[in-house]
Each structure stands twice: as C-alpha cells, then as structure tokens.
Amino acid sequence: MSETPVLEARSLVKRYGRVVALDHADFELRRNEILAVIGDNGAGKSTLIKALAGAVKPDAGEILLDGQPVQFRSPMDARDAGIETVFQNLALSPALSIADNMFLGRERKRKDILGRYLGLLDRKTMRDEARQRLSELGLMTIQNIGQLVETLSGGQRQGVAIARAAAFGSKLVIMDEPTAALGVKESRKVLELMLDVKRRGLPIVLISHNMPHVFEVADRIHIHRLGRRIAVINPKDYSMSDAVAIMTGAMRPPEAMAA
Amino acid sequence: MSETPVLEARSLVKRYGRVVALDHADFELRRNEILAVIGDNGAGKSTLIKALAGAVKPDAGEILLDGQPVQFRSPMDARDAGIETVFQNLALSPALSIADNMFLGRERKRKDILGRYLGLLDRKTMRDEARQRLSELGLMTIQNIGQLVETLSGGQRQGVAIARAAAFGSKLVIMDEPTAALGVKESRKVLELMLDVKRRGLPIVLISHNMPHVFEVADRIHIHRLGRRIAVINPKDYSMSDAVAIMTGAMRPPEAMAA
Amino acid sequence: MTTTNEAQPRGPAEFERRLAESDAAVAAFDEEQPSLLQRFRHFLHAHPTVVPFLVLVLGIALFASLVGGRFFHPFNMSLILQQVTIIGVLGIAQTLIILTAGIDLSVGAIMILSSVVMGRLAVYVGLPVEIAFLIGLVVGLACGMLNGLLVTRLKLPPFIVTLGTWSIFGALNLWYSASATIRQQEIAATAPFLQWTGTALQFGAARLTYGSILMIVLAALVWYLLNRTAFGRHVYATGDDPEAARLAGIDTGRTLLAVYAIAGALCAVAGWVLIGRVGAVSPLSGQTANLDSITAVVIGGTSLFGGRGSIVGTLVGALIVGVFRNGLALSGVDVLWQEFAVGVLIIVAVAIDQWLRKVAQ
Amino acid sequence: MTTTNEAQPRGPAEFERRLAESDAAVAAFDEEQPSLLQRFRHFLHAHPTVVPFLVLVLGIALFASLVGGRFFHPFNMSLILQQVTIIGVLGIAQTLIILTAGIDLSVGAIMILSSVVMGRLAVYVGLPVEIAFLIGLVVGLACGMLNGLLVTRLKLPPFIVTLGTWSIFGALNLWYSASATIRQQEIAATAPFLQWTGTALQFGAARLTYGSILMIVLAALVWYLLNRTAFGRHVYATGDDPEAARLAGIDTGRTLLAVYAIAGALCAVAGWVLIGRVGAVSPLSGQTANLDSITAVVIGGTSLFGGRGSIVGTLVGALIVGVFRNGLALSGVDVLWQEFAVGVLIIVAVAIDQWLRKVAQ
Amino acid sequence: QDVVGLITKTEGNPFFVKMREGAQAKAKELGLDLRTFAGKYDGDNESQVAAIENLISSGAKGFAIVPSDSSAIVPTIQQARDAGLLVIVLDTPLDPIDAADATFATDNFKAGELIGSWAKGTLGAKAADAKIAFLDLAANQPTVDYLRDQGFMKGFGIDIKDPKRIGDEEDARIVGHDVTGGAEEGGRTAMENLLQKDPGVNVVYTINEPAAAGAYEALKAAGKADGSVLVVSIDGGCPGVENVKAGVIGATSQQYPLKMAAMAMESIAEFAKSGKKPEKTPGLEFTDTGATLITDKPVEGVPSITSEEGLKLCWG
Ligand SMILES: Nc1ncnc2c1ncn2[C@@H]1O[C@H](COP(=O)(O)OP(=O)(O)OP(=O)(O)O)[C@@H](O)[C@H]1O
Ligand SMILES: Nc1ncnc2c1ncn2[C@@H]1O[C@H](COP(=O)(O)OP(=O)(O)OP(=O)(O)O)[C@@H](O)[C@H]1O
Ligand SMILES: OC[C@H]1O[C@](O)(CO)[C@@H](O)[C@@H]1O
Ligand SMILES: [Mg+2]
Ligand SMILES: [Mg+2]
C-alpha cells in the first residue's frame with residue numbers, strides 16, 4: 001500500500017474494570033472507501049469508534065489521521081479535525097428542536113452586524129437547511145422542523161443524527177449502526193446517502209449487524225472479535241457466510257489480514 | 001373465523017397534539033400465531049403496542065382480551081393479564097443489576113419464614129434463574145449476573161429485556177423491534193426463541209423492520225400505514241416485495257384484509 | 001491508487017426494488033376544524049410559558065376579589081414589583097444554573113458579599129464609587145467562577161459545591177463586614193450611586209424603581225442570550241443531556257463555567273439592587289434568598305432536571321409569589337397563617353400549572 | 001381451529017447456516033496477575049460505599065493529628081455520635097426520598113411538629129405518654145403521606161411540594177406550640193419516656209445514648225428494606241428511570257407514596273430523638289435540619305438524580321460532617337472560620353470521594 | 001493555658017461580634033485559650049448544645065453563653081456544671097435564672113422601661129391614643145424578649161398582665177406584635193406587616209437596633225420617615241447612636257457588651273485559679289452591667305445622656 005490511510009489506529013487498549021473492551025485493536029480506513037466494521041454484540045465496536053471519535057480516551061495505543069499522530073481529548077477535537085460521527089445512542093438533545101440539534105455546536109450566525117457583534121443566530125437559514133437535508137433523506141413524515149426531538153419516533157431520531165453527520169463531515173464519517181432503527185424505505189435512503197457521501201470523496205466507517213447491507217455497500221470489511229480486529233476481508237472474495245463464520249469464531253480468520 | 005382472537009383492538013385513536021399517531025387502528029392477534037407488524041418509521045406501530053400493553057391510554061377505541069373488553073390503566077394491569085412486552089426503549093433500570101432487572105416487579109421471596117413475613121428476597125434463585133435464561137439466549141458474554149445494566153452494550157441490554165419477556169409471558173408476548181440492536185448470532189437466537197415461545201403455546205406480536213426475519217417467522221403480517229392497519233397478509237401468499245410495496249404506499253392494499 | 005477497489009454497488013435486495021414508487025405522504029393529521037377549546041389546547045401546547053402567566057392572572061383575580069380596590073391600586077401594584085425585584089434578578093441567575101441541571105445555593109451569599117464589598121470600598125475605604133461598584137461586580141463574577149471551576153474541573157455536584165461556597169462566602173461576608181450595617185445616611189453622603197437602583201420614576205401613585213427596570217433589562221438580555229445565540233443553545237443542550245451535548249461536539253465544561261460566571265455577576269447586580277431597596281448595606285439580608293429564587297424558577301415552569309424552562313417563566317414565578325404574599329398581607333391574614341397560606345398557594349399554583357399543561361397535551 | 005395456519009419456519013438465510021459452529025467464548029478479560037494497587041481499585045469499583053468510609057478515616061486522621069489525644073478520647077468519640085444522631089435519622093428519611101429522585105425540604109418541620117405534638121399531648125393535655133408518642137408518630141406519617149399524595153396524585157415536583165408543606169407544617173407547629181418551649185423539668189415530671197432517647201449506656205468515659213442505638217437500628221432496618229426486599233428494588237428502579245420502572249410493571253405511584261410515608265414516620269422518630277437530646281421541646285429548632293440532612297446524603301455518595309446510593313453512605317456522610325465540626329471546635333478554630341472551614345471541608349470531602357471513585361474506574 | 005469558651009447567639013449581630021472581640025482581647029490579656037462559638041440563627045438551640053458539649057470535651061474550665069433559647073438550653077448547661085465547668089450567662093438570663101453560676105446582663109426590664117417612659121413623656125397627652133407596633137425578637141419569647149417588651153409597656157403605662165408573657169395585654173393602643181429575629185431583614189418585614197394592619201402606627205418599639213434599622217426602611221418606603229413615627233430601641237451600638245443623632249431612632253437604651261465579656265473572662269480566670277465564683281449585684285438575681293438612655297430630646301424625670309456623650313461610650 002503506497003497511500004497513507006485517512007485514519008489509522010494501532011494497538012488501542014481500553015479497559016472497563018476487568019473487561020477489556022479494546023484489546024490491542026488495530027484499525028485502518030483508506031481513501032474513498034466504505035469500511036464496514038462487523039462483530040458480535042459486545043465485541044468492542046462502539047468502544048473502538050468512540051476512541052476514534054474522541055469520545056473515549058484509550059488506555060494505550062495511537063491514532064493517526066492522514067499519517068499524523070493525533071490525540072483527541074474530546075469529540076470536539078475530532079469534529080474539528082473533520083471526523084463526523086453518528087453515535088449508537090445518537091447524541092441528540094431531546095428538549096431541543098430538530099433544527100437546533102442539526103446545528104448544535106456549529107450554529108450559523110447572521111451575516112450582518114447583529115450576527116457579527118451580538119452573535120444573533122440565523123435561525124431561518126438553519127431551519128431551511130435542516131429541512132432540506134431531511135427531505136433529501138426522505139424523512140418526510142417530519143412536518144415541523146421546530147418539533148422537539150423527544151416527540152420523534154426512534155427511526156425519525158436516527159434520521160436526524162444521520163443527516164447531521166452527512167451534512168458536516170469533511171474528512172470522514174463514522175456511523176454506528178445507523179439503520180438499526182430504520183424502516184425498509186428509510187434504510188434504503190441511508191444506504192444511498194452513504195454511497196452519495198462516498199461519491200463526494202468522503203470515506204465512511206459503517207458499523208452494522210445487517211449483513212446484506214454491509215455486503216451491499218462496503219469496500220472492505222473489518223471483522224472485530226473479543227476486542228480486536230481479527231481480519232479484514234474484501235466482500236468480493238468472501239461470502240457472507242464466511243464473514244459471519246469468522247466473526248463468530250466458527251471459522252479461523254485468513255492468514256493475510258489485509259484485503 | 002369461529003375462534004375468538006387472543007387480543008383484539010377496534011378503532012384505536014391516539015393524538016399527540018396535531019399528530020394522529022393512531023387513526024382508528026384495528027388489531028387482531030390469534031391463538032398460537034406469530035403476528036408481525038410492519039410499517040414505515042412513524043407509522044404508529046409503537047404507539048399501537050403501547051396502547052395494547054397499557055403504557056398509553058388511547059383517546060378512543062376498545063381492546064378485547066379473549067373477547068372480553070379490558071381497560072389497562074397501567075403496564076402492570078396488562079402484565080397481570082399475562083401480556084409481556086419488550087418495549088422499543090427496553091424499560092430497563094440502568095443502575096440495577098441484570099438479575100434485578102429480570103425480576104423487577106415480580107421478585108421471588110424466600111419460601112421460609114423470613115421470606116413470608118419479612119419479605120426477604122431469594123436472591124440466589126433469582127440470580128440462577130436469570131443466568132440460565134440468558135445462557136439459553138446465547139448471551140454468554142455477560143460474565144456477571146450482578147453487573148449493572150448501564151455497563152452493558154446496546155445488544156446485551158436488548159437480550160436482557162427479551163429474556164425477561166420470554167420468561168414471564170403467560171398469555172402473549174409483544175416485541176417492539178427486538179433484534180434491532182442485535183448481532184447476527186444473537187438475532188438468530190431471538191428468532192429461535194420466538195419459535196420456541198410459540199411452540200409453548202404463546203402467541204407473539206413482533207414489530208420489525210427486518211423483512212427476512214418477518215417473512216421467516218410470521219404467520220400473518222399486519223401492515224400499518226399512517227396510523228392505521230391497511231392490510232393483513234399471509235406471508236405465503238405475498239412476496240416481500242408486495243409487502244414492502246403495500247407498506248410504503250407503492251401498491252394498493254388487497255381488498256380482502258384478512259389473511 | 002493501487003488497491004482501492006471501486007465499489008460496485010451490489011444493489012438492494014429484491015424486495016426493495018419497488019421502493020421508488022412509494023408514496024411520499026406524511027403522517028396522518030387531524031383535519032377537522034378544531035374547536036375553540038382544542039385551539040386553546042394547541043396554543044398552550046406550543047407556548048408552555050403561557051401557563052404560569054395564567055396562574056398569575058388567576059392569583060391576581062383571586063386577591064382583587066378578596067381585597068378589593070386597594071389591591072389594584074397603582075401604588076400597590078408597583079409595590080409588588082419592587083418586592084419581587086431582588087428575587088427576580090437572583091431568579092434570572094438561578095434559571096441559568098438550573099437550566100444546566102445544576103442548582104446554586106450560594107446566590108444569596110454572593111449577593112450580600114458583593115453589596116458589602118461595594119459599600120465598604122466606597123464608604124469606608126473611600127474608593128470612587130464607580131470603582132467600588134466594579135470591584136463588587138468582579139467579586140460576584142469571581143465567586144461564580146469559583147463555583148463553576150469546582151463544578152467543571154473537579155466534577156463535583158453543584159449542590160455540594162454551592163453548599164460549601166455558601167458557607168465560605170457567608171463567612172467572608174461576616175468577616176469583611178464585621179457584621180456591621182453601613183447606614184443609609186453614610187451611603188447617601190458618600191456613594192449615592194449605590195442607592196440609584198432604589199430611586200424611582202413616578203407615574204401617578206405608581207413608583208417604578210430603576211432596580212425594577214434593571215431587572216427587566218437583564219431578563220431581556222439573558223433571554224436573548226438563551227434564545228438567539230449559540231451559547232444559549234449550548235446551555236439548553238448541556239442541561240438536557242450532557243453526554244449527548246459532549247458527543248455532539250459542545251464544550252460543556254466551558255459552557256458551564258460561563259453560566260456560573262454570568263450567574264455570579266448577576267448576583268452582584270442583585271446586590272446593587274438590594275442596596276437600593278434597603279438603602280443600607282446589611283450583611284444579614286437575603287437569608288431566604290436562595291430558596292426564594294429557586295421557588296421562583298420552579299413555579300415559573302423550569303425543570304430542576306435541566307434543559308427545559310425560560311427566563312420569562314421565572315419572572316412570572318417571582319411575581320406569583322409576590323402577589324400571594326402581598327395579597328395575603330393586604331387581606332389582613334395573621335403572619336402565622338400567611339406562612340401557611342403561602343405554602344398552600346405555592347402548591348396550588350404549581351398544581352394548576354401542571355393541570356393546564358396536561359390539558360394542553 | 002379452522003384457519004390457524006401452522007407456521008412452517010422458513011429457516012435462516014444462507015449466511016447464517018454456520019452459526020451453530022460458532023465459538024461461545026466470552027469477552028476478553030484481563031488475565032495478568034493484578035498488582036496491589038489494581039486490586040485496591042477493583043475493590044473500590046465493586047464497593048463504592050467504601051469510598052466515603054475512606055474519607056471519614058482521612059478526616060479522623062487529620063483531626064487526631066491536629067487535636068491530639070482529646071479527639072480520640074472515648075468521651076469525645078461518643079459525643080460525635082450523639083451530635084450526628086438527629087441528622088443521621090433525618091438523613092435516613094432523606095435518603096429514601098432522594099433515591100426516588102425526590103427531595104424533602106420538610107423533614108425538619110415534620111420532626112419539630114411531631115416532637116411538639118408528643119410533648120404537648122403528654123405534658124399539657126395529659127394523655128398517657130405512650131398514646132401521645134403514638135399520635136406524634138402518626139402525625140409524622142400523615143405529613144409524609146400528604147407529601148406523597150401531592151407528589152403522586154397531582155404529579156407535582158417534590159421540591160415544590162415539600163417547600164409548600166415546609167411552610168404549612170412550620171405554621172402548624174408555631175400555632176400548636178404557641179412557640180413556647182416545653183421545659184425539661186416539666187417533661188421529666190410527667191413524660192420521662194419522651195427523654196428516654198437521651199439516656200445512655202455508659203462504657204467508661206463513653207456514653208452511648210439510646211437515641212444513637214435507635215439510629216443504627218433504623219438504618220439497619222431501612223438497609224434491609226432497600227436491599228433485601230422487593231420494595232427496595234422498586235424504590236431504586238423508580239428513582240433510576242421512572243418511565244422504565246412503570247413500563248416494567250412497577251406501581252411507581254404506590255412505591256413513592258410508601259417512601260414518603262415511611263420518611264414522615266422516620267422524621268417523627270427524629271423528633272423523639274431530638275427531645276431526648278435537648279431534654280426540652282424547643283419549637284424553633286431544626287431550621288437547618290433540611291440542608292444538613294441533604295448534605296449528609298450527598299456526602300454519603302447518593303445521587304440527587306435518584307437510583308444510586310445507600311443508607312450506610314448517609315450515616316458515614318453525617319459522621320464526616322460531625323467529625324469536621326467537632327474537630328474544628330476542639331482545635332480551637334474561631335467561630336467565624338469554623339463556618340469557612342466546614343464549607344471548604346465539605347467540598348474537599350466530596351472531591352476526594354470523586355477522585356477515589358475515578359481511580360477505582 | 002486554661003481553655004475557656006464564649007457562645008453567642010449568632011455571628012450576624014455586631015453586638016455579639018463586639019462581645020467576641022472584647023472577650024478575645026481580655027482572654028489574651030489573662031493568658032486564656034478562648035474558643036468561640038455561635039448559633040446559625042437567633043433561636044438556634046442545637047448549635048449551642050453542640051458547642052457546650054465540645055467545650056466539655058475540650059476540658060474547658062468554664063464558658064460564657066448568650067442563650068438562644070433561655071429554657072431549652074438549661075439541661076445542657078446543667079450537664080456542663082455537673083462536669084465542673086463555670087457557666088456564666090450573658091445578656092439573656094436563663095429561665096430559671098439560677099440555672100447558671102452567674103448572669104452578667106443589662107437589666108433588660110429596666111432598659112425597656114426607660115424607652116417606654118421616654119416615649120410616653122415625649123407624646124404627652126397624645127400618649128392616650130397612640131398606636132404602637134411591637135417588633136419583638138422570636139416566637140418562643142426568650143427572657144430578653146419579654147423583659148424588654150413588658151418593661152416598655154410598664155414604662156408607657158400599659159397593663160402588662162403576666163410579666164413573662166407577650167401578647168396577653170388588652171390595651172387598644174397596641175397595633176400588634178411581630179417577630180424580627182433581631183435583624184434588619186426581619187425588622188423590615190415585621191414593620192411592613194404591622195403597617196398593613198394599621199397604617200396609622202406612630203410608636204415603634206424594637207427589640208434591638210438592627211431591627212430598628214430595618215423598621216426604618218419600611219417606614220421610609222411607606223413615606224413615613226418624616227419624624228411622625230417615634231422609633232425606640234435598645235443596644236447603643238455606634239450606628240444606633242448615630243441614628244439617634246440623625247433622628248431615625250428617638251431614644252435607645254445603651255448596653256455594654258464589652259463589659260459583660262470582660263467580666264466573664266475575669267470571673268472564669270479567677271475560678272480557674274481559686275475556684276471562687278462571682279458575686280451577684282445585691283438585691284438582684286444577676287449582675288447588672290448597666291443601661292443608659294440616650295436621646296437628644298430628653299424628657300422630664302427620665303434620666304438620659306445625649307447622643308454626643310453616647311458616641312463616646314458606644315461599641316461597634
Ligand atoms: N462504560 C462502560 N463501563 C463498563 N463496561 C463497558 C462500558 N462500555 C462498554 N463496556 C463493555 O465493553 C464491551 C464492549 O462494548 P461495546 O459497546 O464497545 O460493544 P459493541 O461491539 O459496540 O456491541 P453492540 O453491537 O452490542 O453495540 C462490552 O462487554 C461492554 O459491556
Ligand atoms: N410522546 C409523543 N409526543 C408527540 N408525538 C409523539 C409521541 N410519541 C409518538 N409521537 C408521534 O406519533 C407518531 C407515531 O410514532 P410511533 O413511535 O408510534 O411510530 P413507529 O411506527 O413506532 O415508528 P418507528 O418504526 O420509527 O419506531 C410519530 O409521528 C411520532 O412523532
Ligand atoms: O437578638 C436579640 C439580641 O440583640 C441584642 O439586643 C443585641 O443587638 C441583644 O442584647 C439581644 O440578646
Ligand atoms: Mg455498539
Ligand atoms: Mg416504534
């Protein structure tokens with residue numbers, strides 16, 4: 001491989017009490033790819049991406065962005081570096097509106113004096129933009145962009161979080177089980193959106209338990225087991241059946257790990 | 001149909017502000033069947049089962065259990081009537097242990113005097129039983145039954161909620177997207193468990209967005225759209241493709257609604 | 001570009017093929033013409049802050065009928081406003097804190113300490129009154145910052161932090177003031193500016209003090225901050241679900257710190273208003289200010305669990321309590337039973353509020 | 001059985017066929033031999049209540065070195081226990097409430113009201129002391145029930161309810177007692193039973209009052225209730241996430257009502273202990289009891305957001321404050337700076353607690 | 001060094017702050033190790049109980065206390081005396097007064113009588129239909145409270161009925177009683193309440209000068225600070241005497257807290273040395289530390305000094 005990976009992690013370790021959620025886990029995301037991460041419940045996938053997104057501080061190991069070592073001390077750091085994440089628990093504020101949530105932490109100020117000196121928000125622009133993003137995602141059942149997130153159905157919330165990440169990612173986008181709560185139609189939209197984001201040149205990390213989805217969109221599949229990466233496969237070379245077998249320990253991982 | 005349905009609902013209505021989450025929705029669950037409920041995000045599926053499980057009081061409509069009108073004023077009422085539910089948000093207490101959560105609201109007392117007169121809990125029995133239920137489900141990564149639920153991964157929590165419902169349902173079991181957060185292996189276990197429960201004579205209501213799962217286990221499929229039941233189909237007579245088309249409004253529902 | 005394999009979308013499953021044809025209809029909505037009552041309910045639903053207003057109106061109506069003309073007299077109306085001014089300003093500070101799911105038991109102590117510092121520096125140390133005033137403000141700000149640092153850096157519960165600093169600021173106040181009151185005449189002679197908040201615009205029988213005007217201006221400013229700036233959104237998000245806010249990329253630590261600092265400065269302003277109202281600087285005032293400010297916030301509909309509530313609600317909450325206290329006094333109820341009645345009325349006020357909100361659902 | 005179609009499981013997808021062969025290995029665990037420090041950390045992690053204990057031990061060590069032998073004298077040690085008894089008993093009540101994510105600002109008022117009722121009925125009305133005592137208990141229970149009913153039936157925030165009833169019970173107390181202290185001699189003459197909690201077992205220089213023993217017995221009982229009965233589990237679940245508890249089939253309303261009622265009765269017992277400690281019935285006592293009891297609960301590690309905490313923690317929390325106050329007094333710190341120091345120490349105590357917990361992670 | 005103690009009602013009243021400072025100076029002079037304590041509010045009995053216990057535990061020789069609840073504290077004081085400590089009560093006598101080894105206090109009844117007579121004399125014929133507001137101390141009526149209140153009434157010519165009970169009088173001139181906690185805030189609220197009851201109030205009795213200062217603010221807000229209302233008080237602290245000079249307070253009975261504190265320290269030092277207990281003022285059950293009426297409008301037959309002279313004697 002001559003090209004430096006967009007995001008790389010080496011030998012990450014994270015312990016919770018006696019549980020080792022990450023046990024010297026490696027990770028590599030390349031340019032212009034969708035990398036799927038699969039693994040059993042509790043394998044440590046969420047912990048891995050939390051470490052990559054600055055939400056958890058690993059006990060050991062290093063993370064490199066474009067080949068440069070980085071230390072994210074907060075999700076903000078990671079976001080400033082262009083990493084946008086849809087966390088498994090969504091990270092939405094229930095009591096705020098959909099539009100507020102979409103722009104949380106990167107609100108648009110008005111371009112005029114009021115905006116510049118008094119920090120007046122440009123609420124109209126934010127609402128319009130939020131509405132547009134959600135329409136693109138096909139989440140049309142949301143009637144009112146000012147609606148509080150707590151009044152949305154699980155699937156609708158998921159849509160808000162995804163629209164946010166897709167809209168703002170500049171380096172890469174991480175999605176932890178983005179379609180878990182989504183309906184057939186909405187899932188399809190998300191998959192299309194992912195391909196769209198990739199076409200825009202952003203690589204994506206997708207964590208999912210849905211094998212057909214994974215095999216449909218992923219360029220490479222990172223298989224996680226018992227806190228570490230045990231294989232990386234190319235979905236063209238392996239069947240779903242093999243992937244599941246490796247992931248669950250029913251089959252030994254192939255010797256050469258790189259796909 | 002000569003037989004009275006186990007659970008029936010007629011013309012349920014539930015409004016949230018201007019949104020009509022249930023718009024004269026009907027529902028019918030028969031003996032010894034797995035009834036799937038499918039529908040887009042926000043179609044009103046969760047609201048429907050919340051009404052059936054006593055967690056939401058419908059504005060209008062009636063519910064019949066074994067042909068008898070019932071009024072559930074709380075989830076407890078429904079549970080006492082033998083209806084066990086896995087809610088979409090799981091209804092677990094994060095700060096309590098796995099065992100405590102499994103037996104919440106139906107704790108086992110010791111059989112001796114201490115138990116009878118001083119309400120002393122039989123913690124050993126509860127732990128053992130909880131451990132056994134979870135093992136059956138294949139959620140073996142849980143090392144310690146005394147672990148707090150808040151330290152579990154999303155999938156592990158899902159497992160605890162399902163194990164609880166499956167263990168205690170006496171009349172019927174309702175599951176709102178039970179496999180949404182589960183891995184391939186764990187999902188399979190849940191599906192097997194459902195068939196197992198059905199074999200034990202308990203009918204099941206399954207809400208799911210996973211069409212292969214639905215078509216694999218369901219005896220009949222209730223299709224929900226815009227707050228009401230628009231069709232009930234037999235998965236043997238219709239293809240997944242048709243079901244999805246009806247559900248999303250791409251195809252008109254068949255005239256005769258009963259499967 | 002050696003190994004990157006151009007993804008060939010393997011396409012959706014068979015059953016998803018017809019999704020393109022699917023209907024784009026939104027959710028089902030109530031289409032019937034809403035009745036007046038329903039419209040009222042929807043209105044309340046959309047504007048929850050209106051609810052405390054209604055309670056206030058009910059309270060005023062109650063006492064107007066009990067007490068008669070005297071209650072509605074412009075003098076009395078303006079008196080109520082004066083009486084709630086201090087709690088109003090502290091309530092604004094307290095609202096900010098409670099919105100972040102915190103609580104500040106030290107607001108009263110900060111207020112007094114700041115007023116003592118302003119007073120002594122101006123009257124006894126002989127600093128120019130503007131400087132003394134500014135130092136007083138800075139003391140308030142610093143007290144708030146200390147609270148904020150303890151909450152954010154040491155991650156201590158706000159209740160404990162402010163319980164501790166309440167004792168600390170209280171002791172500092174008694175030490176610095178030697179518990180002695182600075183007399184009204186002394187302040188009038190050397191630092192009348194400190195009493196400015198007590199002077200008033202006269203409208204017929206009504207007296208509108210500058211202190212009350214200041215309270216309204218501050219409320220407007222903080223309202224703007226909360227509802228029209230990014231900082232405000234961060235305050236709500238931090239209070240609503242701090243972990244979610246952090247994951248969404250908000251520096252919750254900095255947000256909290258700013259909130260505590262602003263609250264401290266507001267308490268110092270309350271200290272200034274206090275001097276205006278009492279005329280003197282008394283190191284013993286404001287003993288019940290903590291609880292009173294929290295009461296105003298909660299009656300105003302702000303949740304103690306953070307993330308939900310409003311500044312306007314707090315002012316209305318303070319007014320509700322003020323109207324009750326004043327109305328009871330005017331109707332000649334014995335002090336003992338006034339306390340009793342205030343207790344009952346606080347509960348009733350919030351009960352009505354809750355009930356109206358439920359109706360609004 | 002006409003139409004029921006026997007389900008023919010259509011079986012798993014192709015890729016799931018080999019799941020049967022999958023490995024049943026559990027998660028990855030740390031296998032290395034843990035160091036002493038690590039073992040200590042794991043221990044703290046598994047037993048969070050040990051943490052306040054450590055803080056207590058630190059506090060004792062601090063004052064032992066500052067004050068010397070007097071501090072460790074059995075008389076002084078037993079004195080500290082006596083001094084924390086009232087707050088200890090109220091703290092037990094407060095813990096129950098706070099575990100449900102509530103708060104009770106009326107515990108002090110209930111305590112006094114009950115003690116006044118016991119005292120006056122026995123001494124002035126001339127009822128047999130046992131009857132007077134029982135009526136006092138019932139009054140406490142009724143006050144608690146009232147709080148509970150308002151919280152559960154009207155769905156009002158506990159803070160507001162108990163703020164209101166605090167005024168109400170306070171007014172009733174002043175009215176019924178006519179604010180007069182019942183003197184020690186009068187009680188000793190007609191109702192010595194009310195002073196029983198103040199009598200003591202003498203162990204050398206140490207005096208262990210029956211009141212202190214009662215506190216420990218009550219703590220043990222409530223501990224049992226919370227940790228060994230279904231009711232206790234429901235209390236934790238209700239406080240942790242009331243909606244989840246309700247969905248899981250717990251009658252959260254009944255649980256809350258019971259908690260408030262029990263807390264009320266415990267406050268009445270605290271009133272009895274108060275009579276024993278002071279000898280007299282003083283209707284003005286207990287004004288700081290609310291805050292003190294909440295402080296003990298929070299220092300003891302119970303979360304104000306409900307669902308997490310323990311009775312033992314509360315007793316230790318009360319002892320921590322007691323040790324600080326006593327130690328400061330014995331080391332001759334000036335009264336002004338005692339308040340200051342208590343403020344600092346409360347913060348430091350909780351900071352150490354937090355730090356130890358973090359280390360334990 | 002012998003350990004001795006001083007327990008006051010609160011730290012929030014300059015009277016007690018001065019008393020503490022006086023005691024500290026004296027203790028230093030006498031080579032005593034002084035421990036100081038105070039309640040958290042006026043009426044806080046429990047903090048004083050704990051303070052006494054801690055003094056016993058410290059091995060103190062004796063202490064001076066200003067009791068917050070003059071009867072509820074008695075059993076604990078008995079405990080201290082049983083443990084061999086000398087207990088001297090300051091300012092507010094115990095109930096019963098002989099529960100202490102000695103009491104050094106203003107003659108509170110007389111101090112009240114002085115301002116009562118002064119008010120009566122000042123009003124002259126108008127005294128017959130005066131409207132009097134009483135701003136008392138606390139609802140539990142500690143000794144200092146009823147002594148001063150009833151003393152005032154006696155001086156003013158009101159039938160006091162039970163001299164140990166405030167509020168059993170039937171004189172129509174009494175507008176009402178309210179409690180202040182002996183502090184500004186309480187004084188203001190109480191005054192506001194009584195003005196609501198009867199806006200025609202023209203005489204205000206106050207338990208002490210902080211309460212008087214609060215009452216004055218309420219009068220000012222009601223537009224009655226023009227000298228039409230007679231305010232009388234007790235204490236004679238420097239701000240209070242200044243207020244007499246400024247016409248805010250008509251007359252005040254001056255007390256001498258520094259003297260009380262110094263005498264207490266000396267007695268305890270003596271007791272520690274020789275075991276001798278202090279003597280009482282002959283004819284009284286306590287040692288009178290004196291009270292002087294201060295006013296700039298003297299009245300026939302009521303001995304007084306001017307505010308100018310008072311300023312030389314004042315404390316704080
Ligand atoms: N805050 C925590 N405290 C203690 N243990 C934790 C914590 N977070 C995660 N764990 C443990 O770490 C392990 C890995 O959890 P993680 O959430 O990363 O799994 P996952 O692969 O994302 O699972 P899922 O597919 O179910 O989301 C699990 O055993 C979990 O119980
Ligand atoms: N508490 C509530 N307040 C206001 N609106 C609500 C509330 N609960 C549900 N709704 C609305 O009712 C509609 C139906 O929601 P429901 O949760 O039943 O959908 P669902 O079919 O379960 O969707 P999903 O598949 O995403 O879980 C949605 O439009 C939702 O926004
Ligand atoms: O609060 C009442 C107390 O106030 C004083 O008058 C001092 O200001 C004391 O003599 C009295 O005990
Ligand atoms: Mg995960
Ligand atoms: Mg749903």
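Two strands pair if DSSP finds at least two bridges between them; strands (E, at least two residues) and helices (H or I, at least four) are DSSP runs, numbered from the N terminus. The model is predicted: local features need pLDDT of at least 70, side-chain atom pairs count only at pLDDT 80 or more, and totals for chains, interfaces and linings use all residues. Residues are numbered from 1 along each chain as its sequence is written, chains are lettered from A and ligands numbered from 1 in the order in which they are written, and side-chain values use heavy atoms, leaving out hydrogens and water.

**Stop 1: the sheet in chain E**

Select β6 (residues 132-136) and β7 of chain E: five bridges join these strands, which run parallel. Within the pair, E:Phe134 stands opposite E:His177 of β7(E). Now widen the selection to the open sheet of six strands, ordered β7-β6-β8-β9-β10-β12 in chain E, with mixed pairing. β7 (174-179) and β12 (292-295) of chain E are at the edges with a single partner strand each, so one side of each has no neighbour in the sheet. From one strand to the next the twist averages 15 degrees.

Contact here means heavy atoms within 4.5 Å; axes are lines fitted to C-alpha atoms, for helices over the stretch in contact, and angles run from 0 to 180 degrees between N-to-C directions.

**Stop 2: ligand 2**

Select ligand 2 and the 20 residues that surround it (a heavy atom within 4 Å). These residues come from chains A and B, so the site is shared between chains. For polar contacts (pairs of N or O atoms within 3.5 Å), show B:Ser46, with a polar side-chain atom 2.8 Å from an oxygen atom of the ligand. A polar side-chain atom of B:His209 is 3.0 Å from an oxygen atom of ligand 2. The protein covers 85% of the 640 Å² of accessible area that ligand 2 has on its own (Shrake-Rupley method, 1.4 Å probe).

**Stop 3: ligand 1**

Move to ligand 1, between chains A and B. Among its closest residues are A:Lys45 and B:Thr151. An oxygen atom of ligand 1 is 2.5 Å from an N or O atom in the side chain of A:Thr47.

Definitions and conventions:
A polar contact is a pair of N or O atoms within 3.5 Å; within protein, one must be able to donate a hydrogen and the other to accept it, and residues adjacent in sequence count only if both atoms are side-chain atoms.
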